[in-house]
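Me: I would like to learn how to read ring contacts and sheets in a model like this one. Could you take me through them one at a time?

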Amino acid sequence: MDMVVKEKAKSILDQYKYKPGPDKESTHYCPGCGHGNVHKMIGEAVDELGVAERAVLMSPVGCSVFAYYYFNMGHIQVAHGRAPAAATGVKRSQPHAIVMSYQGDGDLAAIGGNNILQAANRGENMTVFFINNAIYGMTGGQMAPTTLLGQRTSTTPRGRTRANEGFPIRVCELLASLEAPVYLERVALIDPKTTAKARKAIKKAIQMQVEGRGFSLVEILSPCPTGWKLSPVDSREWIAKNMLPVFPLGVYRDRSKEELPPNEEPKIETVAEALGIETGETATIRKSSAPLPETVRMKVAGFGGQGILFLGEVLAEAGMQAGHRVTWLPSYGPEMRGGTANCHVVISAERIGSPTVTLPNVLVAMNRPSYERFVDDVVDNGMLLYDSSLIEGVPVPERLRSYAIPATQIADSIGNTRVANVVMLGAYLGITGIFTREQALKALRLHIRRPQLLELNEKALDAGMKAASPKK
Amino acid sequence: MARKLMKGNKAVIMGAILADCRAYFGYPITPASEIAEAAADYFPRLGRTFLQAESEVAAINMVYGAAATGVRAMTASSGPGISLKQEGISYSAGAELPIVVVDIMRGGPGLGNIAPEQGDYFQVVKGGGHGNYRNIVLSPNCAQEMCDLTILAFELADKYRNPAVILADGYIGQMMEPVDLSIREIWKPEKPWAVDGTSRTQGNLVSSIHLSAEELEVHVEHLFKKYQTVEANEVRYEEYRTEDADVILIGYGVVSRIVLSAVDAARKKGVRVGMIRPITLWPFPTEIIRKRAESVEEFVVAELSTGQLIEDVRLAVEGRKPVRLFRRTGGMVPSAEEIVNILEVREGVA
């Protein structure tokens, strides 16, 4: 049997220091309001479970926005409806904390509807106290999602109708459709008997969190005499008569007896390990190892699936490995149209300003549409590398240094069309030598997702280097 | 130290890890998603929290909750998501919670597109949420700064107990550049005000509510004085070839990269032009612009928005010199040549 506490709970303050005004001993709640009862029960439960020091209470928006006046706990006041999200942030950051979210019906079931649903569905190890009084008490008695059909409020002056506002939401039933919650119960503040049950449920919901079981919610049908315009005594009767038929009391989920899964200790890496700062692939930071007569402003273009962005990445990586400054910018936004992919690569000995290449001095064209689209942009005496297996019979401008590389054909001959891009990398390396073969290989190693493809890529690189000879 | 080629978006997470950010809460959106993806990869391996939230609103409120317990926490998004996060940002400013938010701007208004724009300047720099507050706003223009300014954002957020926002554009997020990573000394203050579920902080309150008018005015004045301190101490900017400049171009983010190229190209043609790049958009580098107004003939503000940054420049210049706007929008990013051209045409650009 539960111990009966006759004194005021220790986790409820003697003096309400955060409460403004001279009266620090009485609450701000109206006579007959249910919040006082629930506060008392929470305080007692926290005392009995010995968790006051660890307790963090999330205060919502509504009359209980000032719940923090009353408890000797940690307090976080949150935006309307967001308590389950903010509580998630608290619990994930401080797993030892006992996190309690205290919410009204508008807060929880209207504006915060998705937040409670998702926190419950994730099985956040937290406790939610849901005060259902079928009305917005603080803002002057407007309709809540739990307002009963026919019930008059200041925003349903002729009574809630199914046609205009729909039916009241049953939160416990809704959450019971989810797998994760471990404890859901609806209780009511009507008479000593139902109140004793409420007290027990509140303690159990905190107990569940202390045991690390997961998401618990207790829905409390609670009187709002002011909002309902009834006397405190009539209010309790109103719950019994009008709310119980719509919101049946009972336990909707109880996994308090289930065995808990064993705690798995995950392997934690150090920052240096995770970021590869000491052990991973690092570039020697030094001045350029290879000559770079002028800044390379390159456009790499082809069709999707040719590994255009990858080729650009590897070119930039190899440039970086060679000690140059580099940028890589993918085709992005309005440039992505017409079925072509392209990226901009800049390799420079100087600080790089614009990473966008509008007037390239190197164009790597892997298909005909990209050739046609970009060839006129290349500056005079610029370099043109094109896949002559796919781009045939095009006029090659005299003003450019052109290299026809049958990249796709070469790739086919070594066994995989898809390495045509790396053949082109090899050709560019063979022509310019602005990075070394080793640097290109390292770049490939860093950017290839499947290591078993490295050998094929190495072959393609070498074949490309071999093929690199000026056509005119 | 390690030098790695990576997208600016990933560099944000490198900075967050080095700054000991313990929790990331986010929601996917192009062109910011690589930030969440990098956090999802790295944070759990480091014993830190990564959680994909049900919404942008939930994500920012999770950050609010985590920051209230004293840990470093962040979220990232793009314009439409940042609009949704304004609630939590305003609450964090009100409750004086140090949070870090990253905005990788895309085209707007509305759904707009996913290409780079700078149309979020007003919503991030001028507030965006309700009430009298300021965000500390940092504007990186390369992948290295995406890392370094993220670290600085955490430090400034803690120093002033205030939201700090990284405001970058789609290009700065998507562009790959070398980033030097090293384990470094990170400044981290004690947070006796936090609520961390221990006896040390029992009875503490994190809140933004001040019901009485007198009390709220005291609080707002306190914030205002704090913002004045930030303005006095935290202005950061870069000047480039401004000493003898007749024209100063002003731009941030990817625009400043293009402007840098334009300055060099124009100088080659004999046009004496320089650049001021605000690194902090708030506090804004008002003084240096005002000082340069004494010697230049005009300012040209280049932005991927229809006259947002230019308002702060005009406030700084106070009518002393002409201030012209050069703008592109919709994801159209100007070339350096385009900017050089408008320098040669001294009139006709509104």
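Me: Which charged end sits over the ring of W193(B)?
Reply: In this predicted model, the charged end of R161(B) lies over that ring, 4.1 Å from the centre of W193(B).

Me: How many aromatic pairs does a search of the whole structure find, and how is such a pair read?
Reply: A pair of aromatic rings is described by the distance of the centres and the angle of the planes. Over all chains the search finds 15 aromatic pairs. In one of them the ring centres of F66(A) and Y69(A) are 4.7 Å apart with the planes at 15°, so this pair is stacked. F66(A) is buried at 5% relative accessible area, and Y69(A) is buried too, at 4%. By contrast, Y24(B) and F43(B) make an edge-to-face pair, with 6.4 Å between the centres and 80° between the planes. That pair links distant parts of the chain, since Y24(B) belongs to strand 2 and F43(B) to helix 2 of chain B, 19 residues apart.

Me: In what order do the seven strands of the open sheet in chain B run, and which of them stand at the edges?
Reply: The order is 3-2-4-5-7-6-13, with mixed pairing. Strand 3 and strand 13 of chain B stand at the edges, and each has a single partner strand, so one side of each lacks a neighbour in the sheet. From one strand to the next the twist averages 20°.

Me: How do strand 6 and strand 7 of chain B run, and how many bridges join them?
Reply: They run parallel and are joined by three bridges; L138(B) stands opposite I166(B) of strand 7.

Notes:
Residues numbered from 1 in each chain as written. Chains lettered and ligands numbered in written order. Predicted model: local features only at pLDDT ≥ 70, side-chain atom pairs only at ≥ 80, totals over all residues. Heavy atoms only, no water. Phe/Tyr/Trp six-rings, centres within 6.5 Å; stacked < 30°, edge-to-face > 60°. Buried < 20%, exposed > 50% of the residue type's maximum accessible area, 1.4 Å probe, protein only. Helix = DSSP H or I, 4+ residues; strand = E, 2+ residues; numbered from the N terminus. Lys NZ or Arg CZ within 6 Å of the ring centre and 35° of its normal. Pairing = 2+ DSSP bridges. Axes fitted to C-alpha atoms, helices over the stretch in contact; angles between N-to-C directions.
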